Amino acid sequence: MLRFWFLAAIGFAAAEDGLNGWLRYAPLPCEVAEQAKIPAAIVSLNATESSPVYTAGQELQKGIQGILGKTLDVTHETCEGSSVVVGTLGTFNGSSVIPELEEDGFWLSTKGDTVEIVGQNERGALYGAFEYLSMLAQANFTEVAYATNPSAAIRWVNQWDNMDGTIERGYAGLSIFFENNATVSNTTRVAQYARLLASIRVNGIIVNNVNANPIILSDANMAGLGRIADAMRPWGVRIGISLNFASPQTFGGLDSFDPLDEAVVGWWNATTDKLYGHVPDLAGYLVKANSEGQPGPMTYNRTLAEGANVFARAAARHGGVVVFRAFVYDNENLDERNWKDDRARAAVDYFRDLDGDFDPNVVVQVKYGPIDFQVREPTSPLFAHLRQTASAIELQVAQEYLGQQCHLVYLPPLWKTVLDFDLRVDGEPSAVGADILSGRRFGKRGLTGYAAVVNVGRNATWLGSHLAMSNLYAYGRLAWDPAEDSVAMLEAWTRLTFGLDDAVREAVTRMSMASWPAYENYTGNLGEQTLADITGPHYGPNPQSMDNNPWGQWTRADAYGIGMDRTVSNGTGYAGQYPPEVAARYEDLETTPDDLLLWFHHVPYTHVLKSGKTVIQHFYDAHYAGAETVATFPQQWTQLRGLVDEQRFNETLFRLQYQAGHAIVWRDSINQFYANVSGIADEAGRVGNHPWRFEAEAMELRGYKVTGVTPFEVASGLQIAQTVDNSSAASAATTLDDESFPEDGVYDVAVAYYDLYEGKAAYELFLNDASLGSWVGDNEDKLGYTLTRGIDGHSATRITFPGIQIRRGDVLRVESKPNGRETAPLDYIAVLPPGVVD
């Protein structure tokens, strides 16, 4: 049984910026540290500085010094007396009987005078060192002796970094790998990132965007990739790159990029040879082809397998792997008017008949669901069809559709719905994580695994948000062992990141475990997808963007009903892509779980769910419940003041306060949209009824004009006020008279406004003539979401001033000064009794 020390409040001497992530090695209190039994020296059984075993020795020295305040010498030969010994099976001469270790596996024993850390290879030894330090950092001094092996060989991250230094779906600043169409010269952050990845047992990284720029293959950039590999190699992280399929033509000057053209084949072979000359241990290639405008083999009527095999044969001569994405669909010709058209079918339709045609070193990378990283999707059925082809799952740490790291959404519970799902192939147990991705179900051990789109940037927090780092940590742990418990991983991350205080651990765990269900509630539920603006930034609410376009993320919502009929009997036939047991479950309306109902069935809004509620009333209730849940997050975090260092406390509080306000934008937008479409009122009378709000368009306006917004539902009263020009000061005032204001008392005052890119409007809120506070529309400097120039669901936000004494007859007034494109747009002022979520 594990034994942890749980502590009362611990003061922090200095602010922290998050750069060390969960590898802070913060000192334990003296009364705890003295309980640790630590050997007198460290023996690292490799003296080569680029070796992960050498790195492990240095990391052990650094960690023990930080955690326990003890400085241990590092030697590279066994010595007399107690020691921490770290090495590989080939170099370790201890007396312990070590169980069988697979590639990257390790043995850890803390029994006796010697701590034994033995890897099957050098990466495994480094992983074991990090595991030992993790125990110490959590004040876990339990004696252990165990071996652990990875569930899968491929445990990679995918960066979507562009050569110009921007990052597609990146929310934490510019690339740490590229700038100005070249690789960076300073690889300090690269090495720091590799350290974090190694600590969670990630062994590979694709460093550039899947929408690849062929310029990465220039001689200068190949040399730069060599420097990046050099920075990551001591941490056991191998690099790979994404390729643009048309590179032989667009970069190499050939007339074609036909994968069966001998000149094209020769060009790829020569280019691969040159690249391996710069990076001898290159992990391999990642390829996106014939998807979302990317070129591919189908341009020449070649199969996807024929395209993948060209790269596979070039890489195979160097021991490389080719990961070929299954994210292939036609985003130009899908037609919602055709009842049978369905983007969800695409992966199986494109790849099912190619199983067995791929070369042995090809891995097909499959998104966890059949659409695109939605808040809930059914497990991709393609995993059940790739019997002869190795597969890897594609997860997303970058919260593209899930709040873009501005909303707290702890993702492992979502990922576990897929990893734990039993596809019942041939009627036998076929859990995605334990059976299929492990390679055991189809005999593919050694070439299956995991990839996560991560997109770290130059922000000191790596992901832009301190709390979002829990997702990266947990991804690595789940890729090693998909049976890991979501709560246990979260609690370990919290202790490592914020210290051992019970109150901190409990609050972070409580909020994080509630976050995904809450986000699903206030965005899209019942399998309806996230309902973000899919034709724009994928961030704020815009349910009407889901339909009437060829992107295929349809809800088929109209005045009578909602949902995609994906049955075999009457719909697109997608349900039939699953093995028979699963297909039968989803085919039947009665056996389909409610949380995926609208994914598989088109039903009236009045359809009664298993809960007894109608679909439309569930929408209304769930969106209110989700917003109410996240409204508690700032309050819970505030209780931790003094228990978390000031910088991380304040940065996290700001994001939680922002999330609480933006959740209300989501709630109101989605509910108003479906109330309008369905014509069915909320039984509780909440939707469209906001008694605590004073709409800007109804205020006394000076220098403001009333306008509409697009989409209409992102404004509380369907209209807003914005300044008449881009330079003149303006004001909006409302009197709290007897008709509009119930009684004197203490209230929270919230101002809803829109914070646009390319402008920083200034605001000040007054009660009568007393200023309650001022602020600037500068979220673009504080939050990393995809920027917008529009007055819409992305830019909508609000600020709250708590505990204001208000009396009847008082006047609330917002004075503003537009700036740039930002015309100081206002939606409403809400005067709220404490605890009320309007």
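These legends describe close-up views of a predicted model.

**View 1. Six strands form an open sheet.**
The sheet holds 6 strands. Their order is β2-β1-β3-β5-β4-β6. The pairing is mixed. Strands β2 (73–75) and β6 (145–148) stand at the edges. Each has a single partner strand, so one side of each is left without a neighbour in the sheet. From one strand to the next, the twist averages 15 degrees.

**View 2. Strands β1 and β3 pair inside this sheet.**
Strand β1 covers residues 41–44, and strand β3 covers residues 84–88. The two pair in the parallel sense. Their pairing runs over 3 bridges.

**View 3. Helices α4 and α5 pack at an angle.**
Helix α4 spans residues 188–199, and helix α5 spans residues 219–232. Their axes lie 8 Å apart. The angle between them is about 45 degrees. That makes α4 oblique to α5. The crossing is right-handed. Which residues of α4 make the contact? They are V190, A191, Y193, A194 and L197. From α5 come I228, A231 and M232. By class, the contact of α4 with α5 has 8 nonpolar residues, no polar ones and no charged ones.

Strand β11 runs through residues 238–243. Of its 6 residues, 5 are buried. Strand β10 (residues 204–206) is joined to β11 by 3 bridges. The two strands run parallel.

**View 4. Helices α7 and α8 cross.**
Helix α7 takes in residues 262–278, and helix α8 takes in residues 304–316. Their axes come within 9 Å. They cross at roughly 40 degrees. That makes α7 oblique to α8. As α7 passes α8, the crossing is right-handed. On the α7 side, look for V265, W268, N269, T272 and Y276. They meet V310, F311, A314 and A315 in α8. How many residues of each class make up the contact of α7 with α8? There are 7 nonpolar and 2 polar residues, with no charged ones.

**View 5. Residue F327 sits in a loop.**
The loop lies between β13 (321–325) and α9 (346–351). Is F327 buried or exposed? F327 counts as buried, because its relative accessibility is 9% and the cut-off for buried is under 20%. Not counting residues up to four places away in sequence, F327 touches K288, S291, E292, R343, K367, I371 and D372. V364 gives another reference point in the chain. F327 and V364 are 37 residues apart along the chain. Their C-alpha atoms are separated by 9.7 Å.

**View 6. Residue N542 is a buried loop residue.**
N542 lies in the loop between α14 (502–522) and β17 (561–562). N542 has a relative accessible area of 9%, so it is buried. Which residues does N542 contact, leaving aside its neighbours within four places in sequence? They are L531, A532, D533, P711 and E713.

**View 7. Strand β29 is largely enclosed.**
Strand β29 covers residues 826–832. Why is it called largely enclosed by the rest of the structure? Because 7 of its 7 residues are buried. Now follow its pairing. Strand β19 (residues 693–695) and β29 pair in the antiparallel sense over 3 bridges. Here E695 stands opposite Y828 in β29. Strand β24 (residues 745–754) and β29 also pair in the antiparallel sense, over 6 bridges. There, Y753 has L826 in β29 as its bridge partner.

**View 8. Residue V837 lies after β29.**
V837 belongs to the segment after β29. With a relative accessible area of 26%, V837 is partly exposed. Leaving aside its neighbours within four places in sequence, V837 is in contact with E628, A631, I664 and R667. V837 and P381 are 456 residues apart along the chain. Their C-alpha atoms are separated by 41 Å.

Terms used:
Residues numbered from 1 in each chain as written. Predicted model: local features only at pLDDT ≥ 70, side-chain atom pairs only at ≥ 80, totals over all residues. Heavy atoms only, no water. Helix = DSSP H or I, 4+ residues; strand = E, 2+ residues; numbered from the N terminus. Buried < 20%, exposed > 50% of the residue type's maximum accessible area, 1.4 Å probe, protein only. Contact = heavy atoms within 4.5 Å. Pairing = 2+ DSSP bridges. Axes fitted to C-alpha atoms, helices over the stretch in contact; angles between N-to-C directions. Parallel < 35°, antiparallel > 145°, perpendicular 65-115°, else oblique. Left-handed = near helix turned anticlockwise from the far one by under 90°. Nonpolar A, V, L, I, M, F, W, Y, C, P; charged D, E, K, R; others polar.
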